[in-house]
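Open the model in your viewer and keep the selection tool at hand. The stops below say what to select and what is there.

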Amino acid sequence: MHEPPPHPQQQPYALPLPPAAGHYAPRRALWDTLWDNKAVRIGAVFLLLALCGLIILALVREQTGTEGFLVGLGLAVLPVPLLIAAFRWMDRVEPKPWKSLIFAFAWGACAATLVAILANGYATKWLLTTVAGAQREDAAGWGATFVAPVVEESAKAAAILLLYLFRRRDFNGIVDGVVVAGITATGFAFTENILYLGNAFANDQSFGYEGLRSTTAATFFVRVLMSPFAHPLFTSMTGLGFGLAATLPQHRRLLRWLVPVGALLTAMLLHGLWNGSATLPGAGFLAVYALFMVPVFALLTWLTLWSRQNELRTIQTHLPAYQSAGWLTPPEPHALSSMRARGIARDLARRHGGPTAARIVAEYISYATSLAFLRHRALRGTPDPAFGAREAELLHHLWQRREVAQPALASAVAGVASARPPFAAGAPYSAPAQGWAPPVPGVPTQGWGTPTPPGSSPSPAWGQGPGQHR
């Protein structure tokens with residue numbers, strides 16, 4: 001088995017990797033081990049969210065009836081896959097763990113919605129009893145414009161705050177905050193749409209309305225077809241603030257909290273403007289939609305895409321340090337910073353090694369991306385508290401997968417450079433030719449540039465397949 005290359009001392013924030021045997025895991029204190037116990041944390045979170053979900057189910061069914069609930073559920077679920085797919089596409093550079101996204105969605109759909117239903121209901125009753133001459137319609141309009149935005153955006157922001165505090169390594173910039181916020185708001189909008197559509201259906205049943213002229217059809221058009229991005233747009237302002245805060249150095253403590261608070265206030269303002277536009281006469285709602293919501297949505301989309309490209313530049317900037325140290329081959333920093341090269345590498349692995357090889361390449365890409373962002377955070381003044389252990393862990397995982405992933409990534413770079421995929425139908429896979437990249441200084445290299453530590457044997461050929469590597 002190959003030994004890892006020696007770690008050059010001149011590389012900043014780089015610690016030598018201890019010899020590994022079997023599964024590697026950094027040693028932790030007893031209290032940290034208990035605090036990080038997955039069964040305890042996951043069990044407590046799921047118990048809380050399940051309890052909120054049961055209460056929400058009972059409240060919604062009480063308002064809409066069983067038939068209205070089922071109709072609302074069937075219609076409200078339609079935009080959910082599209083929204084989640086859009087946010088996952090934004091998050092392709094460094095995808096968030098599914099457990100974090102499931103938590104965000106469940107929090108929005110259960111906990112945040114429960115808080116909103118209870119608080120908004122109490123607020124409407126309070127306005128009716130304290131404001132002289134207030135009618136129910138007036139109280140509902142005031143609550144929707146001034147109370148609901150504060151309550152709902154605060155409840156959704158709680159999920160972002162929890163992930164920011166306890167899954168800090170998942171927050172590297174704007175994209176991470178927007179994705180988490182968007183998934184949370186998608187869950188919130190899902191449950192809220194069930195309530196609105198279910199109530200609309202119940203009213204139609206009572207008054208005999210049906211077809212395109214029914215309240216259900218109008219509600220579906222406004223909430224599902226015309227503005228499915230409304231809640232994700234509002235809450236993405238808060239996520240944007242947390243993403244920006246994650247990029248600030250640690251000595252900017254006050255600014256790191258003021259930015260998310262300001263972003264939350266912006267989300268509340270947009271939400272209140274949107275809700276208030278529903279009470280405007282004539283084409284007021286459409287004017288607010290066209291003049292405010294659409295431009296803000298376009299600006300946020302552009303900013304997120306720009307941030308994603310910046311993430312790719314971060315990978316290309318920080319991985320060469322590990323390539324110079326012999327952990328990566330010369331083509332890899334470029335391959336890992338290109339979404340097209342990543343896709344080609346996975347396709348190559350799947351073509352010649354099956355799903356197992358494709359999974360290994362995907363894991364290699366994920367670990368290398370995390371390594372680049374780990375180093376980026378350290379150099380910008382926001383290092384991981386356990387930087388050395390985390391760096392060693394990631395390098396260990398990369399080293400264990402290098403024999404499958406490195407040839408695929410190098411060949412993918414060749415395919416991108418030649419503007420064509422390097423695996424025409426029926427053509428055999430071939431590793432990059434010798435001389436593709438200059439040898440790594442101080443590290444003996446195999447023909448095409450694979451680091452070969454002194455005393456180790458050459459890497460096995462790619463054609464052996466992932467199951468035969470030792």
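Contact here means heavy atoms within 4.5 Å. The model is predicted.

**Stop 1: helices α6 and α7**

Select residues 174–207, helix α6, and residues 215–226, helix α7. Which residues of α6 meet α7? On the α6 side they are Glu 192, Asn 193, Tyr 196, Leu 197, Ala 200, Phe 201 and Asp 204. Their partners in α7 are Thr 215, Thr 216, Thr 219, Phe 220, Arg 223 and Val 224. By type, the residues of this contact are six nonpolar, four polar and three charged.

Two packed helices are described by the angle between their axes and the distance between the axes. For α6 and α7, the axes come within 8 Å and cross at roughly 160 degrees. Angles over 145 degrees count as roughly antiparallel, so α6 is roughly antiparallel to α7. The crossing of this pair is right-handed.

**Stop 2: a salt bridge**

Now show the side chains of Arg 223 and Glu 192, which meet in a salt bridge with an N to O distance of 2.5 Å. Side chains of opposite charge can pair when their charged atoms come close. Arg 223 is in α7 and Glu 192 in α6, and the two are 31 residues apart, so the pair links distant parts of the chain. The structure holds 11 salt bridges.

**Stop 3**

An unreviewed UniProt entry lists residues 101–122 and 178–197 among its transmembrane regions. Select residues 101–122: the span is 100% helix, with its end C-alpha atoms 30 Å apart. Residues 178–197 are also 100% helix, and their end C-alpha atoms lie 27 Å apart.

**Stop 4: helices α10 and α13**

Last, select residues 284–318, helix α10, and residues 339–379, helix α13. Their axes are 8 Å apart and the angle is about 85 degrees, so α10 and α13 are roughly perpendicular to each other. Glu 311 and His 318 are among the α10 residues in the contact, and Arg 342 and Phe 373 among those of α13. This contact has six nonpolar, four polar and three charged residues.

Note on methods:
Residues numbered from 1 in each chain as written. Predicted model: local features only at pLDDT ≥ 70, side-chain atom pairs only at ≥ 80, totals over all residues. Heavy atoms only, no water. UniProt positions renumbered as here; feature names shortened; annotations may be inferred. Helix = DSSP H or I, 4+ residues; strand = E, 2+ residues; numbered from the N terminus. Axes fitted to C-alpha atoms, helices over the stretch in contact; angles between N-to-C directions. Parallel < 35°, antiparallel > 145°, perpendicular 65-115°, else oblique. Nonpolar A, V, L, I, M, F, W, Y, C, P; charged D, E, K, R; others polar. Salt bridge = Lys/Arg side-chain N within 4 Å of Asp/Glu carboxyl O. Left-handed = near helix turned anticlockwise from the far one by under 90°.
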